[in-house]
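Please keep the sequence and the model in view while going through the points.

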Amino acid sequence: MRPEPRAEPAGAPGHGPQPKARAPRRALAPAAALLALVPACTPTPAAPPGPPKPAPPAQAASTLGDGELGEYRSDRFDLRLPLPDARGFRVEDGEGPWLVATHAASSTSLLVRTWREDGRASRAACEARARLWRDLPRPGEGLTAAERRIDVPEGFDTVVAVGVADTPPGAPIDGFAVAFGGSGRRCFAFVAETRAAGPSAEQLVAERLAAVVEISLGGLRLLREIAPAVPREPPP
């Protein structure tokens, strides 16, 4: 079994030239500001009776903002995916139906794929197809902080929703960003999930989601006009 590839920083060898990832598309700029709503939407634990307990020591957790920016090129899906802290990501892009990028230090994962439909690929049809293949976060089952239309990939009718799961007070916070889009007969899906615990969990989740939405989703590019021929899976 060959080792799983890691994303290369900009300018490093592997997967052809690795140009520096472009700045986020203009359509995503407001998304970062709306991520500030994530902490406001999460449940606030009730104050315990009696004297307050000393706060636990802060945990060293990654925010994805300290590492070197890089870019992963997928020949299977004909796309370029910018990654914050690229060396920290492990990318699986072999035989599975999705490109999976995992950043263990920050408990963050990305799922990305493109495919071709037989008929018109509307955004709703693309989302429905993607959810048949895999159990994905549903904004209606959590607290959605932001939902807006974006021009990613370029020319696609795409909507991204960002939010947090509805969890009990004191439990780890799970954040997500899901984007589905269609153009002609092509479909696109992008899913980011992250988890954090402790007193800084809300801030960490918001910062990580901001990084992957602005950098990875905002800078994603498709390379060819015709979608790659990735086999479609039968419904479960």
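Where is the place of S107?

1. **S107.** The place of S107 is in the loop between β5 (99-103) and β6; helices (H or I, at least four residues) and strands (E, at least two) are DSSP runs, numbered from the N terminus. Phi of S107 is near 50 degrees, a positive value in a residue other than glycine. At 44% relative accessibility, S107 counts as partly exposed. The terms are set as follows: buried means under 20% relative accessible area, exposed over 50%, and partly exposed in between (1.4 Å probe, protein chains only).

2. **Basis of the note.** This is a predicted model, in which local features need pLDDT of at least 70 and side-chain atom pairs count only at pLDDT 80 or more, while totals for chains, interfaces and linings use all residues. Residues are numbered from 1 along each chain as its sequence is written, and side-chain values use heavy atoms, with hydrogens and water left out.

3. **The chain as a whole.** The chain has four helices and eleven strands. Of its 236 residues, 45% are buried. The chain exposes about 12000 Å², of which carbon and sulfur atoms supply 53%; accessible areas come from the Shrake-Rupley method with a 1.4 Å probe, and for residues only the protein chains shown count as cover. Among contacts (heavy atoms within 4.5 Å) between residues at least 6 apart in sequence, 63% join residues at least 24 apart.

4. **The nonpolar cores.** A nonpolar core is a set of buried Ala, Val, Leu, Ile, Met, Phe, Trp, Tyr and Cys residues joined through side-chain atoms within 4.5 Å. The largest one has 36 residues, and those that touch the most other members are L81, L83, L99, L110, V112, F190 and L217. Helix α4 (residues 201-219) gives the most to this core, with eight residues. A second, separate core of 15 residues includes C126, A161, V178 and A189. As general background, nonpolar side chains tend to be buried together in soluble globular proteins.

5. **Helix α3.** Which residues of helix α3 (residues 123-133) are buried? They are C126, A130, R131 and W133. These residues lie on the same side of α3, because they cover an arc of only 155 degrees around the axis; the arc is that of the directions from the helix axis to the C-beta atoms. Among the elements that cover the buried residues of α3 are β6 (108-116), β9 (173-183) and β10 (186-196).

6. **The disulfide.** The structure holds one disulfide, a term for a pair of cysteine sulfur atoms within 2.5 Å. Its partners are C126 and C187, whose sulfur atoms are 1.9 Å apart. C126 lies in helix α3 and C187 in strand β10, so the pair ties together parts that are 61 residues apart in sequence. The link is left-handed, with -75 degrees about the S-S bond. C126 is buried, with a relative accessible area of 0%, and C187 is buried as well, with a value of 1%.

7. Strand β2 (residues 70-74) is largely enclosed by the rest of the structure, because four of its five residues are buried. β2 and strand β3 (residues 79-83) pair in the antiparallel sense over five bridges; two strands pair if DSSP finds at least two bridges between them. R73 has R80 in β3 as its bridge partner. The two strands form a hairpin with four residues between them, and D78 in the turn has a positive phi of about 50 degrees. At 5% relative accessibility, D78 counts as buried.

8. **Two buried leucines in loops.** L136 has its place in the loop between α3 and β7 (142-150) and is buried, with a relative accessible area of 5%. Leaving aside its neighbours within four places in sequence, L136 is in contact with W98, L111, A130, R131, F180 and V191. L64 is found in the loop between α2 (37-41) and β2, and at 3% relative accessibility L64 counts as buried. L64 and R208 are 144 residues apart in sequence and 6.0 Å apart in space, C-alpha to C-alpha.

9. **A cis peptide bond.** The peptide bond from V152 to P153 is cis, with omega near -15 degrees. P153 lies in the loop between β7 and β8 (157-165).
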